[in-house]
Amino acid sequence: MKKINNSVLALALFVGMANANAQEKKTLTLDEAVQLGIQNSKNLKIDAAKIEEATADLLAAKNRQLPELSVSGSYLYLPLKPNVNIKLPGVAGGGPEIHQVAYGSANLSIPIYSGGRIKYGIESAKYLVEASKLSTESDKVAIAYNVAQAYNNLFKANQSIRVLEENLSASQKRDETFLKLENNGVIARNDRLKANLQTSNIELQLLEAKNNYNIANINMDLLLGLPETTEIEVDQNYIEEGTDVRPVDFYLSEARENRKDLQALDKQRQAAALGTRSAKAENLPSIAFTGGYVAADIPKFLTLYNAVNVGVGISYNLSNLWKENSSLKQSQAREMQLAANNELLNDNIKLDVNREYQNTDYSKKRIAVFEKSAEQANENYRITKNKYDNGLATMTELLDADAAQIAANVGVINAKADAALAYRKLLQTTGTLTIK
């Protein structure tokens, strides 16, 4: 019996620990959530790999300006006697028996002139590395907004739950009162059932709100790299952001100066222009300083040492005289494409900034409207409740007033949260969304 009790106690402790882990809570401000989202972003890990790839391309471009040094050596065994016919004056024609040959060489080449291909290649690779880094910064801003959007959804779902729970508690108490009134013959059973139906509707709304909250919480956990069982508690202070909105021209100017994707595209255009110059240089000759060393040993026949050579080498592909430079045409087409992309991106930035500016202004105005509606709904419910208590209003009117009150109060919270999110979206479109 004692063993059974110990097993039950151990099982209870295990279940208690599991529940504690399953219900782990973590309070995060919006800025803390954004920082976690950036640290654990899968997209940024891909971006980091792209930067490494661009950096490796830059290293390869720099290596082309360094000397090339190669060393080779061979040893050959000749099982059959080779036919050696020496025709030098005074030397017999038969020659010695040769069964092995050993030789080695070293060659050095230092580029002197390549028409600018090496120089342009290095500069172009540098621009592409900078473009990759700027693209990463642009992605960080986008991730910051995505986290803010998920945080906002979680906040709204949580606030809806609080409002609905308060109203459900009040509705259930009202049901108890109406049941007593029905039993005392004060109200009809039909009125009491209408109140019960209202309570059921609130319960359904609460279930939906909790379901939305659970989905929003899991989404946040995945975005932030947290265990999926973590319950995130939000800080509602962020909804006070964006109280001071400047004229739209200010945000357009900010976007032109701070949009990282626009800056990245500019670096790509500079790299493409250098690519065009490098392609043109393919029609020019290459000049290099050359040097070498050769040694050979053929027993009983020939020994060669200190055969050092130096000189200048020139190479030119004569086929360039009749072949069109396809690399040049490709590079020029790339430049045209990037120029068109630049114009399109500038137009999109103007559209985005103006749209989000209007949305921010609209969201702020919605707050005032919802606050006014909430005041009216609360006052309407108070008046209707007094009338109902005095027999001057029907049960249907009371329940309708209660439903309108719930919707209005939830609407105020959602409007404030949406306004804060709209302001962050405006900052994203200008490239100035703060990442602390």
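**Exercise 1. How many nonpolar, polar and charged residues does the lining of the largest cavity have?**

Before we start, note that this is a predicted model, in which local features need pLDDT of at least 70, side-chain atom pairs count only at pLDDT 80 or more, and totals for chains, interfaces and linings use all residues. Residues are numbered from 1 along each chain as its sequence is written, and side-chain values use heavy atoms, with hydrogens and water left out.

*Solution.* 

Step 1: find the cavity. On a 1 Å grid over the protein atoms alone, a cavity is a set of points where a 1.4 Å probe fits but cannot get out, and lining residues have an atom within 4 Å of a point. The structure holds one cavity of 30 Å³ or more, and about 40 Å³ of space lies in the largest cavity. Such a volume is the space filled by probe spheres set on the points, with grid points joined across faces, edges and corners.

Step 2: list the lining. Leu252, Arg256, Asn346, Ile349 and Lys350 line this cavity.

Step 3: sort by class. Ala, Val, Leu, Ile, Met, Phe, Trp, Tyr, Cys and Pro count as nonpolar, Asp, Glu, Lys and Arg as charged, and the others, Gly among them, as polar. The lining has two nonpolar, one polar and two charged residues.

Step 4: Helices are DSSP runs of H or I with at least four residues, strands are runs of E with at least two, and both are numbered from the N terminus. α6 (248-258) and α8 (326-389) each supply at least two lining residues, with the largest share, three residues, coming from α8.

**Exercise 2. Decide for Gln159 and for Asn306: buried or exposed?**

*Solution.* 

Step 1: buried means under 20% relative accessible area, exposed over 50%, and partly exposed in between (1.4 Å probe, protein chains only).

Step 2: Gln159 lies in helix α4 (residues 117-183). At a relative accessible area of 10%, Gln159 is buried. Leaving aside residues up to four places away in sequence, Gln159 touches Gln236 and Ile413, where contact means heavy atoms within 4.5 Å.

Step 3: Asn306 is found in strand β6 (residues 302-315). With a relative accessible area of 62%, Asn306 is exposed. One more detail: Asn306 has a positive phi of about 55 degrees although it is not a glycine. Most residues other than glycine have a negative phi.

**Exercise 3. Describe how domain 1 and domain 2 meet.**

*Solution.* 

Step 1: the bounds, from an automatic or database domain assignment, are domain 1 (69-85 + 96-113 + 286-324) and domain 2 (115-283 + 327-430).

Step 2: the centres of domain 1 and domain 2, taken over C-alpha atoms, are separated by 72 Å.

Step 3: six residues of domain 1 are in contact with six residues of domain 2.

Terms used: On a 1 Å grid over the protein atoms alone, a cavity is a set of points where a 1.4 Å probe fits but cannot get out, and a pocket is an open set with protein on both sides within 12 Å along at least five of seven lines; lining residues have an atom within 4 Å of a point.
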